[in-house]
Amino acid sequence: MTMGVIEGIPPDPILERREMVQRVARKTLDRRILISRGMVGLCGVALLLALVPLFAILYSLLQKGIRWWNLDFFTKVPQFPSLIDPNAIGGVSNAIIGSLVIDGIAALFAIPIGIVAGLFLAESSSKFSSMLRTTAEIMTGLPSILLGIFAYQMIVIGFDEWGVKLPGIGFSGIAGSFAIGVLMIPVIMKASETALRGVPAPIREAGLALGARRSVIARKVVIPTALPGLITAVLLAFSRAVGETAPILWVIGASNIVEWSPRKEMASMPLQIFQSATSPYVALREEAWGIALFLVFVVLVINLGSRLFAAWLQRERR
Amino acid sequence: MDPSTMIRVSTEMSDQEGDPRLGPISMRFEDVSVTFHGRTAIRDVAFEVPKNKVTSLIGPSGSGKTTLLRAINRLHDLTKGAVVSGSIRLGDTDIYKGGIPATLLRTRVGMVFQRPNPFPTMSIFDNVVSGLRFNGIRKKSVLEEAAESALVAAALWDSVSNRLKAHASTLSGGEQQRLCIARALAVEPEVLLMDEPTSSLDPISMRLIEELLGELKSRVTIVIVTHNMQQAARVSDLCAFFLMGNDRAGEQIEVAPTKKLFSEPDDPRTLDYIQGRFG
């Protein structure tokens, strides 16, 4: 018999266990807090390690790139510096316009295809849809240069197999759009599937229970509900595509004038960075930082913009 | 047991008596208010919870019952912008000012939620002893003993004793909820909070759990939120009635022994509410 227990009455196992739990919990609390702090510390270190390269990139881009941003940079086309003025390198308006046209056309066909395919993946549970999903997943992991080769074969040279004959149209902006668009489709597909699947089943069922066809529910209920997610999906895919270099490397040719027609050879920002950075002229090499900064700026604006817009849309609906 | 390791965890407030009809008290609310981002969800709660009794919190949606219940377990600590003011005393401990770590408090105040929420990847046994393991108790014999005791108390032992290694998801909804009760009981808390524990269950499972409460109160003080007034009348000894005020903040209207509150309430609003539902 121990203290606190009256002779003759057996100890209450529940009270004993309560005391034991409290004692052990108290005893191990310090150690658990210590481990917890250590783990939080490790997370902090990991976060820092991840952020260091990011900020290093942004810093060097800003430091070396911002001074090239002037009126000429945005309005003139490249020119080779002369001995008299080694800094007379013109601007990169041709590359900016080129990127705009190439990526714009790519988005124009990739977004509808991607969203419709995403809707199919979200709404169907057939064998075909799971095959399609796997294919999309594999395609997102495909080295992007393969898409460049594909576009080169299909659009630049032309296709002539199995009795099908498609004439090539040569180096052109449209070939770049094709490569970039094919790159965007699986990304949009997967992301919009996730967004559409986020719509709770009871909401779908509420529509079905009213006698609506699934296509009507998709149009009137599912897509509007998932819209913020869809917009984010599309813009993130687009911002990724804007920076892609490999797919357009050997399909868009080159152009030193502002070219609006996608049937002609074009310039583009990622490619211009590559060309400027490998040029023999110091000023051109330095200017590549300015283009790189502008590219990052565009991607950042699209990213932030899509997030803000989605958040705003979400709030508006409350 | 070695006397030097004996720790007083008894929570009797022997010098303080609540309602004389209901004996010693376990918890005391004084001017308790909860605000979220400056908006008051419930204000000025002041009453005493009798020890080893069932106390029910009733009132319409938005009257702050669940908010109050979650405050007892300090679940609002995890919500950004939530502020709990006033004092909630558990025994000698002011749970918000006493400097007691929330994790320790939660071993003394258990909680059962509206929907059964067993840990999906754990077996029945692992679910029951999870609270003990989280708090550093590893000894197998202790875990087994505690698991059996808790499962017996939750009236689940007979149906699961031969399949303790089975996944918790193999149980029916009612069984899962009793598993959650067993899981909460295994750490031997002093207070068990229940947030509408039967609202997602069928009537038979509901009756089983209601019957359970009567047996459990010798072991643990129970505070239960319920929308079902018959349930409050059936299971509780003390009943606290809340309403939403003009500024949409919950207010305590009346606290009385359940029999009195349901037969001759002091406040006309209590009568209105009860009659509206029973009428």
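Predicted model: local features only at pLDDT ≥ 70, side-chain atom pairs only at ≥ 80, totals over all residues.
Which residue in β5(B) is the bridge partner of B:Arg28?

## Chain A: two domains

Chain A is assigned two domains: domain 1 covers 10-46, and domain 2 covers 72-316. Going by C-alpha atoms, the centres of these two domains of chain A sit 52 Å from each other.

## A look at A:Phe150

Let's zoom in on A:Phe150, which you'll find in helix α5 of chain A, spanning residues 144-157. Is it buried, exposed or partly exposed? A:Phe150 counts as partly exposed because it has 16 C-beta neighbours inside 10 Å, while being buried takes 20 or more and being exposed takes 12 or fewer.

Now try a pair: A:Phe150 and A:Ile33 are 117 residues apart along the chain, and 56 Å lies between their C-alpha atoms.

## Chain B: strand β1 and its partners

Over in chain B, strand β1 takes in residues 25-36. It pairs antiparallel with strand β5 (residues 82-90) of chain B through eight bridges. Here's the reply to the opening question: B:Arg28 has B:Arg89 as its bridge partner in β5(B).

β1(B) also runs antiparallel to strand β3 (residues 48-50) of chain B, with three bridges joining them. One of the pairs to look for is B:Met27 with B:Val49 of β3(B).

## The hairpin in chain B

Strand β2 of chain B (residues 39-45) is another antiparallel partner of β1(B), this time over four bridges. Across from B:Val32 you'll see B:Val45 in β2(B). Together β1(B) and β2(B) make a hairpin with two residues between them. In that turn, B:His37 has a positive phi of about 50 degrees.

How values were computed:
Residues numbered from 1 in each chain as written. Chains lettered and ligands numbered in written order. Domains from an automatic or database assignment. Pairing = 2+ DSSP bridges.
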